[in-house]
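Q: Hi! Let's go through this one together, step by step, please.

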Amino acid sequence: MRRSVREYEEETKIKKRAFSVNSQLNENQVNEKTVANKLDEKAVDTAGISNSTYDDTHTDIPSRSSVEESKRRRGTGRLVALDAVRGLAVVGMYLQHFGSNPNVSALVSGTTTLLFVLCGGISYSIMGQRMMDRGAEVTAFRARMLARAVFVDIIGYLLIMLNTSYGIILPAYAAMFVLALMLFRRSPRTIVTTAAVLLVTTPPLMILGLSIFSKAYLLSDIAGGPMSALALMPAFVAGMAIGRFDLTKLRTALSLAGCGIVMLVIGKALAAYVLPNWRVHFEQWLISVQGVAPMQPPDEYAIWPLNTELPMWHMLLQSAPHTASTFQTMIGLGISILVLGVACLVSKKAPTVLMPFAGVGRVSLTMYAIQFVVVWVLDLTKIGHSLDGVPYGDVMIAVATLLLGLLIAQRPVGPLEGLMRRFDRLFSPPQPGSQK
């Protein structure tokens, strides 16, 4: 009897110990999932801005196997090549605004804007796909993009208030964040087709908007002129399509480089051998239809549309920078996609070469705003912001831009980038992981 009681007590102790071990294992597994979800959230935030389907009613935490599969397929860290290309676009803007070499200015003028917008579309697409892979709801992504659009818009108008002599694309950039919500869940083929259609249809709509919305500043940021959202939308949508592919693969890099070369050659050939003849006949036809444009501007106090200017249809056949014609956009996009493809190739062989530019790209919003503040201060103090006549002035500007960007990049996040994250989190719904 005593032996059976002792055996029963030992069996009870064994069961209790096994129960405690199982509880500890379950607790460790839950903690591991929580840490994985937090790391995934941090990675998506770091990307700033994979193709998968997602059910709007799904609210459970994604399984560990699906998260690991997403990591293997897309990665969760920043893409060095993308950051480097964005940083290169910022350096090009500084050279355009502060440099004095006409050859360098001709190369970077207009192209850096399209390169910057292209990177924005890529980041936009990557952020959307990563949030969907983590199990976030569509409304969470929409809320984050709308909040970021408001923040970027505010920064843009603050820079416009400085009244510098350079255009600010941030209001148009914010509008593209909102317009792109209609496409971020579409298939890559649909996005590519949309980019091709926009490349042809947006120039005449942009020119028409430049006339109709000439006195409506908010609407002109959306659809009025070469610096509007409508004019830059082909580059942004093209970036969204590129963001659906794995930029770490050699095949993707070679495809991007080849596509960029084809677009650049076609655009340059048309600009050199076809457009001059077309332009002459087209302008003669415009004069015969519209007559000579009046020397006096329209009366700004007249009722609409008597206060609008004539549409500048001759811009349709231009290839000069910042004309936003089909041909200028094709040339600029060809250069931008080629640069991106080369950067992806270099990142596989010698990523150290890209690190200085990647540091600038991580704080691109801050660096973009700083240049206009510097121009404002130099003009306010009558110093001037051109290094005309200074030996190797453009080299000095490029080096100074890289050093400033690397200095700011020593922080965990750039000043404006950190403020933008805090701002969008105020309006973002709680994530499924936190609800669980």
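**Buried charges and packed helices**

A: Let's start with Asp424 and Arg148, which are both buried. Buried means under 20% relative accessible area, exposed means over 50%, and partly exposed is in between, using a 1.4 Å probe and protein chains only.

Q: Before we go on, what kind of model is this?
A: It is a predicted model, where local features need pLDDT of at least 70 and side-chain atom pairs count only at pLDDT 80 or more, while totals for chains, interfaces and linings use all residues. Residues are numbered from 1 along each chain as its sequence is written, and side-chain values use heavy atoms, with hydrogens and water left out.

Q: Ok, back to that pair. What do the side chains of Asp424 and Arg148 meet in?
A: They meet in a salt bridge, 2.6 Å from N to O. A salt bridge here is a side-chain nitrogen of Lys or Arg within 4 Å of a carboxyl oxygen of Asp or Glu.

Q: Nice. How many salt bridges does the structure hold?
A: There are 3. One of them pairs Arg86 with Asp83, with the closest N and O atoms 3.0 Å apart. Both residues lie in helix 3 (residues 80-98), 3 residues apart, about one turn of the helix.

Q: Is Arg86 buried or exposed? And what about Asp83, buried or exposed?
A: Arg86 counts as buried because its relative accessibility is 8%. Asp83 is buried as well, at 4% relative accessible area.

Q: New topic: helices. How are two packed helices described?
A: By the angle between their axes and the distance between the axes. The axes are lines fitted to C-alpha atoms, for helices over the stretch in contact, and angles run from 0 to 180 degrees between N-to-C directions.

Q: At what angle do helix 5 and helix 10 pack?
A: Helix 5 (residues 111-133) and helix 10 (residues 229-242) pack at about 40 degrees, with axes 6 Å apart. That makes helix 5 oblique to helix 10. For the angle classes, under 35 degrees is roughly parallel, over 145 roughly antiparallel, 65 to 115 roughly perpendicular, and the rest oblique.

Q: Left-handed or right-handed crossing for helix 5 and helix 10?
A: Right-handed. A crossing is right-handed if the near helix is turned clockwise from the far one by less than a right angle, and left-handed if anticlockwise.

Q: Which residues make the contact?
A: Among them are Leu114, Val117 and Gly121 of helix 5, and Leu232, Phe236 and Gly239 of helix 10. Contact means heavy atoms within 4.5 Å. By class, the residues divide into 11 nonpolar, 5 polar and no charged. Ala, Val, Leu, Ile, Met, Phe, Trp, Tyr, Cys and Pro count as nonpolar, Asp, Glu, Lys and Arg as charged, and the others, Gly among them, as polar.

Q: How do helix 13 and helix 15 cross?
A: The axes of helix 13 (residues 355-362) and helix 15 (residues 393-408) come within 8 Å and cross at roughly 60 degrees. That makes helix 13 oblique to helix 15. The crossing of helix 13 with helix 15 is left-handed.

Q: Last one: what is phi of His322 near?
A: It is near 65 degrees, a positive value in a residue other than glycine. His322 lies in the loop between helix 11 (250-290) and helix 12 (326-349), and is partly exposed at 29% relative accessible area. Ala324, in the loop between helix 11 and helix 12, also has a positive phi, about 60 degrees, but is buried at 6%.

Methods
Helices (H or I, at least four residues) and strands (E, at least two) are DSSP runs, numbered from the N terminus.
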